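Me: I have a structure to go through with you. Can we take it bit by bit?

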Amino acid sequence: MKFSLLALLALVCAVMATDDIDWSKVRPMSRMPQFYRRLPKDILKQYLSEVRNMPSSVRSNARIVNGYIAQPGQFPYQVAILSNFAGGTGLCGGSVLTANYVLTAAHCVDIATGGLVIYGAQDRTNANEPSQVRIAYEQSGIRLHPNWNPSLIRYDIATVRVVSPVTFTDRIQPVTLPRLSDVGNDFAGLIGTVSGFGRFSDSIQEASAVLRYVNNPIQTNLACSVRFPGVVQPENICLSGDSGRGACQGDSGGPLTIVRDGTTVQLGVVSFGLALGCELNWPSVFARTTSFLTWIEQNSDVVLLP
């Protein structure tokens, strides 16, 4: 009985004792030192070359990226993930797979010692939101794809098991994954939606406190490879960066979705492109979920659709 009581108290603490986050010390994952150290040098070289060639008036433009503030409950599958590292706390996005698991990018959690998943948030910094639930995760709950390669940013996908199951509400719901029959569909030309708590302007260093989203066409991998030659693989899917719209820092690990027959379907997990300027019309690159459906099923308790 004593052991059971102690275990219960520990669980309650893991779920509830999360109001003391010092948000001033939380950085978007793509601003953590290890992120830039692992980016392919060719990508950094191309980006820096473009920035140097831009007019100074464009470089200093403080306009807000052409996105929108989400309505409460608009993206009930969206989560914010705080991951603890030796160098501080990183902010990523993610999506609800099941009551026990969330889906995110491998680079968000690969060297994390644990962290926190925030569900149902409109304002991630407001622990008093009635819809918001915060549940811890431990290092032992992280499942990285075995082929994850940080130096090439390949197979950038992970599942994370939280210490206790979340209760679904109208503001907390699982996302739908593509069907197994969708494997091989490139989805190019469809309008994709990216949601998250990332920065909403290149001139602003902090991530957004409130949930935001953008809509843009999904690109072919061939078109995306023009910006990322030799880096974009069949296991990636890209969203156009037209008009400066796209995933921005802090959105790592978050979902790329489409709406099909009234159902929101997650096609991607934000991987890279976002750290290289949110307003430079660069595409955002995602891990393509159709390439990892079997792996996701084997590393969570999600049930796939045929």
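Me: Are R260 and D182 buried or exposed?
Reply: R260 and D182 are both buried, meaning under 20% relative accessible area, with exposed over 50% and partly exposed in between (1.4 Å probe, protein chains only). This is a predicted model, where local features need pLDDT of at least 70, side-chain atom pairs count only at pLDDT 80 or more, and totals for chains, interfaces and linings use all residues. Residues are numbered from 1 along each chain as its sequence is written, and side-chain values use heavy atoms, leaving out hydrogens and water.

Me: What do the side chains of R260 and D182 form?
Reply: A salt bridge, at 2.8 Å from N to O; the term needs a side-chain nitrogen of Lys or Arg within 4 Å of a carboxyl oxygen of Asp or Glu.

Me: Which parts does the pair tie together?
Reply: R260 is in strand β12 (residues 255-260) and D182 is in the loop between β8 (158-162) and β9 (191-196), so the pair links parts 78 residues apart in sequence. Strands (E, at least two residues) are DSSP runs, as are helices (H or I, at least four), numbered from the N terminus.

Me: How many salt bridges in the whole structure?
Reply: The search finds one.

Me: New topic. How many helices and strands?
Reply: The protein chain has seven helices and 14 strands.

Me: And how much of the chain is buried?
Reply: Of its 306 residues, 53% count as buried.

Me: What does I296 touch, skipping neighbours within four places in sequence?
Reply: I296 is in contact with L97, L103, I157, L177 and V302, where contact means heavy atoms within 4.5 Å.
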